[in-house]
Structure formats: structure tokens, C-alpha cells
Amino acid sequence: MELESKQPLHNANPGTGISVVAQSSSQHPCDWGRALAGAVSQLVEQIMDTTGIDPCHEPAGLDLSLHISDLPGGKRITATWQPDPSATENSSRTGEIFAASTSKK
């Protein structure tokens, strides 16, 4: 099954998080790997561009949410990252992530 990764779209308001969208040309979950990997990769790049910090190297890790919706002949996969303001207690760098993501427009 061939999968397509579409140009990522990111949320216009980073203070509420960043979302990246990819499309899969398959209806089967076992075939979504390439589209999902592309979405997560683009999302990490967007987070790094917004915050200057690689979230994959943070002690708290990287929490993402996924939303899968139907498309004719495939699925739309949306990966979203939300800054966690409560994480500032655990890491000053995580606090920097939140501050940077809420200050950019």
C-alpha cells in the first residue's frame, strides 16, 4: 500500500499547541506508519523551531495526541503537541518551551 505524506500544516496559534497533518492512502492502521512517522518528525521540527529545544531529549519526554479521521480512500492523521505549564516544576527547560510557545504568534 502506498502512503503519502502531505506538507505539514501547523496551528496558527502556538500558545495552544502545534499540530501537523499527514495523509495515508490506506484505510488499514498497519499501513499508517510512514504517514505517522512523517507527521511526528515534522512536529518535532516545528517544536524545535518554536522553542529552540529538542523535546525528545527532555527528561519529561514528549507527549503527543493523535486524531485519525476518514478521507476518501485513506485517513487524515493529526499529531498535536501541547505545552505543559505544570512541567515547569520539573524542568526549567520545559518552562522555557512553554514560555517560547506561548509568546510566538
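Select residues 33-51, helix α1, in this predicted model. With 19 residues at 1.5 Å a residue, α1 should span 27 Å, and the C-alpha atoms at its ends are 27 Å apart, so expectation and model agree.

Next, colour the buried residues of α1: A35, A39, L43, V44, Q46, I47, T50 and T51. Turn the view to look down the axis of α1; these buried residues fall within an arc of 165 degrees, so they line one face of the helix. An α-helix has 3.6 residues a turn, so residues three or four places apart point the same way. Now select R34 and D49, which are exposed on the other side of α1. Step past the end of the helix to G52, which follows α1 and has a positive phi, near 80 degrees.

Move on to the strands. The model has an open sheet of 3 strands, ordered β1-β3-β2, with antiparallel pairing. Select β1 (18-24) and β2 (65-71): they stand at the edges with a single partner strand each, so one side of each has no neighbour in the sheet. On average, neighbouring strands of this sheet are turned by 20 degrees against each other, direction ignored.

Finally, show helix and sheet together. Which strands does α1 lie across? The helix lies across β1, β2 and β3, and runs at about 160 degrees to β1.

Technical notes:
Residues numbered from 1 in each chain as written. Predicted model: local features only at pLDDT ≥ 70, side-chain atom pairs only at ≥ 80, totals over all residues. Heavy atoms only, no water. Helix = DSSP H or I, 4+ residues; strand = E, 2+ residues; numbered from the N terminus. Expected span 1.5 Å × (residues − 1). Buried < 20%, exposed > 50% of the residue type's maximum accessible area, 1.4 Å probe, protein only. Arc of directions from axis to C-beta. Pairing = 2+ DSSP bridges. Axes fitted to C-alpha atoms, helices over the stretch in contact; angles between N-to-C directions. Contact = heavy atoms within 4.5 Å.
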